[in-house]
Each structure stands twice: as C-alpha cells, then as structure tokens.
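Good morning, everyone, and thank you for making time for this.

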Amino acid sequence: MSFTGQPLRHPLAEKYYAAVDNVYEDGYVVTERGGITLPRDYVLDGQRILDFPVRHDDVWVVTFPKSGTTWTQEMVWLLMNDLDFKSAKEKCISDRFPYLEHTALLPKGCRDGAVNTIDKAQHQPPPRLIKSHLPPVLLPKQLWTVKPKIVYVCRNPKDTAISYYHHRRLLMNMQLSVDEFIEAFLENVVNYSPYWSSALEFWKLRNEPNVLWNTYEDMKKDLGAVIRKTAAFLGKSLTEEQVRQLEEHLSFSSMRDNPATNYSAVVQRLRAGIGLPPAPPDQAFMREGAVGRARQRMSPEVDRRFDQWIRDNIRGTGYDGPI
Ligand code: PPS
C-alpha cells in the first residue's frame with residue numbers, strides 16, 4: 001500500500017509559498033488519509049510512519065506545533081531520567097528526544113546527509129522517548145494497539161498560531177503580516193493543519209488510560225501541579241523538593257538561557273541551510289512564553305473570523321480544551 005497526497009491547491013497557498021521563498025521546493029500536499037497539509041516529501045515517509053513499530057515502554061509527546069512541545073519534552077525527559085539535570089544540560093533536547101517525522105519536514109538544504117529521524121527514533125535504547133506533531137490519523141497504527149504512554153499538550157489556537165507565525169519568520173524569514181499568516185492558518189495552508197485534527201481528536205482520547213491530556217495554559221498556571229500529574233502518569237514519585245527543582249529548571253528564563261533547550265544552535269544551522277544569516281537578536285525560539293496575548297496581535301476583523309472558526313469547529317462536540 002502506498003501513502004499518497006494531492007498537491008495543495010488553495011488561492012492562499014501560492015502566496016504562502018512565495019512568502020517563505022519556496023523553501024519546500026516540491027510544495028505541499030494534502031494527505032489522502034486524514035486531509036493533513038504537509039510538505040510533499042512527507043508522502044515518502046508516511047507509510048513507514050504508519051507502520052512504525054511501537055514498544056509498550058515508549059513514551060510519546062504529541063502536540064500540534066507551537067503548543068509547548070519542548071517544554072513538555074524537557075519535563076518528561078527529566079522525569080524518565082531520575083532528574084539528571086547535568087546530562088540534560090549536556091545535550092540538545094532534539095538529540096535526547098527525537099522528532100519522528102522531522103526529516104520530511106526539513107527543507108532539502110537543511111538535511112545535510114543526516115540520519116533519517118525515523119531511524120533515529122526507532123533505534124534509541126528503551127525506554128524510547130519520541131516527539132511527534134502528527135494527528136492521530138497519521139501516527140503509527142500500533143500506538144492504538146500496543147498503547148504506550150502518550151503525553152498530549154494542547155494550547156489555545158490563537159496563541160499557537162501567533163507562535164507559529166514567529167516560528168516561520170525565525171526559521172524561514174517568512175514575509176507575511178500577522179493577519180495574512182492567520183488567514184493561511186485558518187484555511188489549513190500551513191504544515192500539520194487542520195489544528196482540530198490534532199486538538200479535537202486527542203481531546204476525544206483524553207480519558208484513555210495511556211493518554212495524558214495536558215495544556216500549555218495549565219503549565220503556565222501551576223507548573224508544579226502538571227509536574228506531579230505527569231510524574232504520576234509515568235509512574236514516578238517525586239519529593240516536594242524535587243518538584244521545586246524541576247519547576248526551576250523548566251521556568252521560561254531557565255529554558256531560554258539553556259543551550260540544550262533554547263534551540264539557538266539548531267536555529268542557526270537551519271537558517272544557514274537555506275542561506276539565511278544568523279537570526280536577528282529580537283527573534284528566538286524561546287520567544288515570549290505567555291498566554292492570551294494573541295488577540296492584540298491581529299486586527300479586530302481577523303480576530304472575529306478566528307472566533308467564528310473556533311465556534312464552527314467545536315460546535316456540537318462538547319470540546320472544553322483551551323480556546
Ligand atoms: S515546536 O517548534 O512546535 O516544537 O515549538 P513548541 O516547543 O511546541 O512551542 C514553542 C512555544 O513554547 C514556549 N515555551 C515556553 N513557554 C513557557 N515556559 C517555558 N519553559 C517554555 N518553553 C517553551 C516558547 O516560548 C514558544 O511559545 P511563544 O508563544 O512563541 O513564546
């Protein structure tokens with residue numbers, strides 16, 4: 001069986017490609033399975049990912065992009081490694097916690113002969129820790145039969161979209177205004193969209209015993225509580241002093257200043273791969289780390305469209321995730 005997708009055809013797609021300087025030379029597809037927008041090369045790996053062999057002792061962190069993935073990965077890595085802060089600081093989180101489908105998401109100039117990230121994820125010593133931004137429909141099928149632990153993190157779609165906008169500027173020098181990018185986001189033109197194929201579908205799975213539903217907003221409100229909840233889910237026990245230490249390590253300022261979590265080197269490498277100079281000082285992966293500021297960044301008209309889009313997508317579902 002082969003994995004297929006149709007070229008993304010949308011009036012906004014051309015504008016969006018041009019604004020990122022066509023870094024995905026082969027454009028985008030909408031996957032036949034699930035209708036997800038991804039770079040064309042994803043079809044080469046899609047079936048292998050669906051057939052990826054899952055282990056019962058894996059721990060997966062799954063999110064829609066820009067929802068607090070890195071924050072959660074660092075928390076889970078430390079919980080799974082007896083709070084070994086020293087080792088955590090010695091190696092970038094992307095090397096400690098592979099991103100399953102990353103190779104297919106990298107512009108060609110950034111691949112640089114590196115090992116395919118599916119191999120990297122597969123051949124880790126157990127317990128393997130694996131990150132993915134894929135929605136349930138494209139994740140390995142064995143996740144639903146072998147049932148390893150999955151930590152899902154949801155973030156309200158407006159803050160997610162604004163964070164995504166800045167991410168595209170940082171990594172691809174995207175030349176769209178906030179409103180133009182939000183339009184593309186709402187029309188499912190950006191990678192991994194639709195947002196709801198991830199958030200709403202994982203929300204439906206939130207009561208599965210092997211799924212933990214966390215939110216970025218809860219992490220901001222009471223990180224200690226999320227640490228305790230996640231530790232219990234992973235079968236780890238922590239003293240209150242250890243919770244405090246982990247909270248400190250996971251604070252925005254500490255992760256921003258930590259080269260193993262702030263992606264500063266990765267960002268420069270990826271920019272160089274597509275011919276961009278080092279990032280300007282006012283742009284960084286660890287950008288703002290706030291909740292609820294997105295509304296101020298878009299025009300009132302686009303903000304209203306966004307609210308309508310949320311209402312349209314959750315109507316009749318009972319969804320009570322962050323909006
Ligand atoms: S990615 O590229 O999809 O993996 O990005 P992801 O890690 O999911 O999301 C990046 C956003 O998470 C913020 N972040 C944090 N916020 C608060 N505290 C901590 N410790 C933290 N670590 C990462 C990061 O700043 C990005 O959000 P924005 O809104 O852009 O600041």
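Let me start with a word we shall need at once: a cavity is a set of grid points where a 1.4 Å probe fits but cannot get out. Please keep in mind throughout that this is a predicted model.

With that word in hand, we can say that the structure holds 3 cavities of 30 Å³ or more, and that the largest cavity has a volume of about 80 Å³. It is lined by 13 residues, of which Tyr24, Glu25, Asp26, Asp41 and Lys108 are the closest to its centre, and when the lining is sorted by class it comes out as 6 nonpolar, 1 polar and 6 charged residues.

The second largest cavity has a volume of about 50 Å³, and among the residues that line it are Arg155, Asp159, Arg287, Glu288 and Ala290. Its lining divides into 3 nonpolar and 6 charged residues, with no polar ones.

Which helices each supply at least two residues of its lining? They are helix H3, residues 69–80, and helix H5, residues 93–96. The lining includes Trp77, Met80, Asp95, Arg96 and the prolines Pro125, Pro126 and Pro127, and by class it has 6 nonpolar, 2 polar and 3 charged residues.

Next, how two helices meet. Two packed helices are described by the angle between their axes and the distance between the axes. For helix H13, residues 223–233, and helix H14, residues 240–249, the axes come within 10 Å and cross at roughly 115°, and the crossing is right-handed. On the H13 side the contact is made by Leu223, Gly224, Ile227 and Arg228, while H14 brings Glu240, Val243, Leu246 and Glu247, which gives 4 nonpolar, 1 polar and 3 charged residues in the contact.

Finally, the aromatic rings, of which the structure holds 26 pairs. Take phenylalanine 64 and tyrosine 195: their ring centres are 5.3 Å apart and their planes stand at 70°, and because planes over 60 degrees apart count as edge-to-face, this pair is edge-to-face. The two residues are 131 residues apart, with phenylalanine 64 in the loop between strand E4 and H3 and tyrosine 195 in helix H11, so the pair links distant parts of the chain.

Terms used
Residues numbered from 1 in each chain as written. Predicted model: local features only at pLDDT ≥ 70, side-chain atom pairs only at ≥ 80, totals over all residues. Heavy atoms only, no water. 1 Å grid on protein atoms, 1.4 Å probe; cavity = no way out; pocket = protein on both sides within 12 Å on 5 of 7 lines; lining within 4 Å. Helix = DSSP H or I, 4+ residues; strand = E, 2+ residues; numbered from the N terminus. Nonpolar A, V, L, I, M, F, W, Y, C, P; charged D, E, K, R; others polar. Axes fitted to C-alpha atoms, helices over the stretch in contact; angles between N-to-C directions. Left-handed = near helix turned anticlockwise from the far one by under 90°. Contact = heavy atoms within 4.5 Å. Phe/Tyr/Trp six-rings, centres within 6.5 Å; stacked < 30°, edge-to-face > 60°. Points joined across faces, edges and corners; volume = space filled by probe spheres on them.
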